[in-house]
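Me: I'm new to this one. Can you walk me through the fold?
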Amino acid sequence: MLEIATTDDPRGLRLAGEVDLATVKDLTAALEPHVREGGDITLDMTGVRFLGSSGVQVLIRALDTLDGRGRLILTHPGSSVRRLLEVMGLDRFENLEVRT
């Protein structure tokens, strides 16, 4: 289960729960309008207990689409999420910022 709330300041989404194959469509649907608009998008990941490879793929697509038009800012990811982002090589994206 994944809970998604829109935030205005900063503009983005607050996520809580698990980002996996069962919930990735919900994340995509919530994130897509922000990505289309461009600019910086903040994902508050304080409540994310699990991020699977399907969730990472959503982030990669967002980063590719935002390239040159904004950044994806991940705030407060847990250690397992940070480790997965490193293993999956997301540090290669210059428009990704991870704030602990």
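Reply: Terms first: two strands pair if DSSP finds at least two bridges between them. Strands (E, at least two residues) and helices (H or I, at least four) are DSSP runs, numbered from the N terminus. This is a predicted model, where local features need pLDDT of at least 70, side-chain atom pairs need 80 or more, and totals for chains, interfaces and linings use all residues. Residues count from 1 along each chain as its sequence is written, and side-chain values use heavy atoms, without hydrogens and water.

Me: OK. How do E1 and E2 run, and how many bridges join them?
Reply: Antiparallel, with 7 bridges. E1 covers residues 2-8 and E2 covers 11-19. A hairpin of 2 residues links them.

Me: Which residue in E2 is the bridge partner of Ile4?
Reply: Leu15.

Me: And E2 with E3, in what sense do they pair?
Reply: Parallel, over 7 bridges, with E3 at residues 41-51. Glu18 has Phe50 of E3 as its bridge partner.

Me: Switching to helices. How are H1 and H2 packed?
Reply: H1 (residues 24-37) meets H2 (residues 53-66) at about 15°, with axes 10 Å apart. Axes are lines fitted to C-alpha atoms over the stretch in contact, and angles run from 0 to 180 degrees between N-to-C directions. Angles under 35 degrees count as roughly parallel, so H1 and H2 are roughly parallel.

Me: Which residues of H1 make the contact?
Reply: Val24, Leu27, Thr28, Leu31 and Val35. On the H2 side, Val58 and Arg61 are among them. Contact means heavy atoms within 4.5 Å.

Technical notes: A crossover is right-handed if, with the strands pointing away from the viewer, the path from the first strand over the helix to the second runs clockwise. Angles under 35 degrees count as roughly parallel, over 145 as roughly antiparallel, 65 to 115 as roughly perpendicular and the rest as oblique.
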